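Dear colleague,

Please find the structure below. My notes on it follow directly after.

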Amino acid sequence: MADYRQMKKPNIQQIKLLLPLSLGVSSSILLHILNADIQRQLAKPYGGLGYDLHILVVDPSTILPSSTKYDQAYEAATKAFPDLKLTRLPFHSVFEYVPDMKEIIQEYTGPHFSDDESRSNQDRLAAFRAAVSTATSKADLDSVLLTRLVVGYAKNTGCEVVIWGDSDSRLAAKTLAGVAKGRGASLTWSVSDGMSPWGVRFGFPLRDLSKPELEQYKSVCEELSDIIISDEPLSDNVLTKNLSIDELMMRYVHTQGEKYRGVMANVTRTANKLESTAGSDDHLCPLCGGLVGNVKGNSGVTVANQSSDNHSSKFCYGCMRSRPEATC
Amino acid sequence: MAPTACFNCKEARAVIIRPKNRHKLCRACFLEVFETEVHETITGTKLFYPGERVAIGASGGKDSTVLAAVLKTLNERYGYGLDLCLLSIDEGIRGYRDDSLETVKRNAVQYDMPLEILGYGELYGWTMDQVVAQIGKKGNCTYCGVFRRQALDRGAAKLGIKHVVTGHNADDVAETVMMNLLRADLPRLSRGTSIVTASGASDIKRSKPLKYAYEKEIVLYAHHRQLDYFSTECIYSPEAFRGSARTLIKDLEKIRPSSILDIVKSGEDMAALVPRDVNQAGNKCGSTVAADDDIGGCGSQNGRSSGGEMAAMEKTLVENESAESRETEIKLPKGRPSNASQQKGVKKQTLGHCERCGYISSQRICKACNLLDGLNRNRPKTAIEVSVNLEDEETSSALLKQMERAQLTNG
């Protein structure tokens, strides 16, 4: 949190922050903390607000069965934080906020799939997702699209920084999953504070708090109880094969983190030590923003080894793996 | 169901589902695809130069046997012009090494390559059996790894060879990436992923031509070419950090077969993103760190026995935890770069030679000699105890009894 305080101090002009709120434990708590901070600032007679906070709630009903629980939680959030600006967008509005989505999808999916613009955005997104076969690829693309939507909205509203509510546990899982999906080069911004490929900074103020600690916070913070939609408990009765890599890593961090918090905390800290070498001449993936090809100085031939599916080298290694016709 | 035709030649009947991408291939195509991929790795990374003399670190296990077979095949097919030989280290583990060395000896004949065997006993005065008798089963892999690294280098030096290739496969590299992510060891992550390890500790180049080959495909290749290899795990198989990473990777492979390769790719990219000062900070320890690279050097054997059992996993992580707390202490200066750079100025280390054995080391005494010191200090009445092993004792007591009996009859 120290970073974030520094961030607002030197700026005379208000900095615009965007907080994507999932209504889960972590982001709700971050919102609660920021709200308290705002109230404190407002109570001071002369100090203006150090920052301007925008909140975006992405309605997952496009991709998940809709539930009334979600509406209730959103309702409760707007009531609990009357001074804050909450915006609610459906997931499929990614087509509105990322204007070149049609071309990206067309190029990404290849000739076997066509994006029918005459249909509603909701149907277009559903059709695209249906073309992706495995759970891992689906989850991977969902998170890519979600990031794109959040960034698109941030740029649209002039927000310079997106502050994500990810806990330490969540970041550890994201790191491990990112590595396992061939997205190691993106770790410098996807789990670390810094500049994202789209010119919007990413911040992770809850990076030092683990999920259990946040649960504890929640248990002493009654006003949040109506807002937070708790995670479904992990069922043991699932075949590993049917999980997505993201889920597998969440489980791994969850089960291992119970006993070995230190080791799990290590994962994110290690990833944070990586230094971005991004240059202006880098070729970036139009879908996820990751680097296409190898990081400078990496002479490995993993990329060359998959030359057989050079359908399009426009996309990065990780996105190519999740492509609809990919053989895995 | 009608037999499926080979994905590659569309003619022969497919008998193999490639673990890497689930393509269905016939035997001939599989062998060819496998060899071609190794060839592409070698040419893509410019691993060898014509006329180079290369020693293959051979253990008799599947990885090094396949490596030897593939290199011999490719050397002839593509005219690399390499002068290949086998280099084996005898750790002195009875029941494990004796048999696998026999395999290596057969391989030397089969592939028509010269073979050099170097024993821990003659190099260090300690066989692994004796080390384990002294320090127990925990942590003995450190000794084995440190000793082996030097032994391979020394063996190569003895043969006048500057390049040693080892049988590390993609699974090993992926494990190293995950493992070092878990224990926050960026320098090692960085070195573990590169195909060539030009270590500061010696002028001998190390490389892993099978870096992109799946362990499962290596087994299939060995099987379909009916290679003669030895498949027993090291009997001192440790409960190492690697075991936990291995379980995770096996799960990942089930979900998405390409993920082993994907981790290797991530690892390579991350290695290029490791800040320079962190990398150097690691290299400072010279031979120590370089030698430690090989802790997993008995490679694929490590942790295999523990498979996916939760109990083994927990045990592993308990070890991790203790390793973790030790690790943190060393790590602290790295967290504060300003400090680290100051330190670097003060403690700049240059490569020299170990005062005892002359091996290249940044320390006054090299890691192996340090370990030996510890061993020798605790060895009670060195010379006598060691030469008397169990059998000798039995015979001598039998002798004593006989003598007593003789005396009795005399009396």
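In helix α8 of chain A, Asp168(A), Ser169(A), Leu171(A), Ala172(A), Thr175(A) and Leu176(A) meet Met264(A), Ala265(A), Val267(A), Thr268(A) and Ala271(A) of α12(A). Contact here requires that the C-beta atoms of two residues, placed from the backbone, lie within 7 Å. By class, this contact of α8(A) with α12(A) comprises 7 nonpolar, 3 polar and 1 charged residues. Ala, Val, Leu, Ile, Met, Phe, Trp, Tyr, Cys and Pro count as nonpolar, Asp, Glu, Lys and Arg as charged, and the others, Gly among them, as polar.

The model is a predicted one: local features need pLDDT of at least 70 and side-chain atom pairs count only at pLDDT 80 or more, whereas totals for chains, interfaces and linings use all residues. Residues are numbered from 1 along each chain as its sequence is written, and chains are lettered from A and ligands numbered from 1 in the order in which they are written.

Helix packing in chain A

Helices α8 (residues 168-180) and α12 (residues 261-272) of chain A pack at an angle of about 65 degrees, and their axes are 8 Å apart. Axes are lines fitted to C-alpha atoms, for helices over the stretch in contact, and angles run from 0 to 180 degrees between N-to-C directions. Helices (H or I, at least four residues) and strands (E, at least two) are DSSP runs, numbered from the N terminus. The crossing of α8(A) past α12(A) is left-handed, a term used if the near helix is turned anticlockwise from the far one by less than a right angle (right-handed if clockwise).

For α2 (residues 25-43) and α10 (residues 211-219) of chain A, the packing angle is about 55 degrees, with the axes 10 Å apart. α2(A) is therefore oblique to α10(A); angles under 35 degrees count as roughly parallel, over 145 as roughly antiparallel, 65 to 115 as roughly perpendicular and the rest as oblique. α2(A) also passes α10(A) in a left-handed crossing. Val25(A), Ser26(A) and Ile29(A) of α2(A) meet Leu214(A), Glu215(A), Tyr217(A) and Lys218(A) of α10(A). That contact has 4 nonpolar, 1 polar and 2 charged residues.

The sheet of chain A

Chain A has an open sheet of 6 strands in the order β3-β2-β1-β4-β6-β5, with mixed pairing. Two strands pair if DSSP finds at least two bridges between them. The edge strands are β3 and β5 (194-195) of chain A, each pairing on one side only. Strand β2 (residues 51-59) of chain A runs parallel to β1 (residues 15-21), to which 7 bridges join it. Tyr51(A) in β2(A) stands opposite Ile15(A), and His54(A) in β2(A) is the bridge partner of Leu18(A). With β3 (residues 85-90) of chain A, β2(A) pairs in the parallel sense over 6 bridges; there, Val57(A) stands opposite Arg88(A). Helix α7 (residues 135-156) of chain A lies across β1, β2, β3 and β4 (161-163) of chain A, running at about 140 degrees to β2(A).

Chain B and its contact with chain A

Chain B contains 18 helices and 10 strands, and 48% of its 411 residues count as buried. In chain B, 43 residues are in contact with 45 residues of chain A. α11(B) gives the largest share of this side of chain B, 14 residues. By class, the side of chain B that touches chain A has 21 nonpolar, 9 polar and 13 charged residues.

Yours sincerely

Key: Buried ≥ 20, exposed ≤ 12 C-beta atoms within 10 Å, placed from the backbone.
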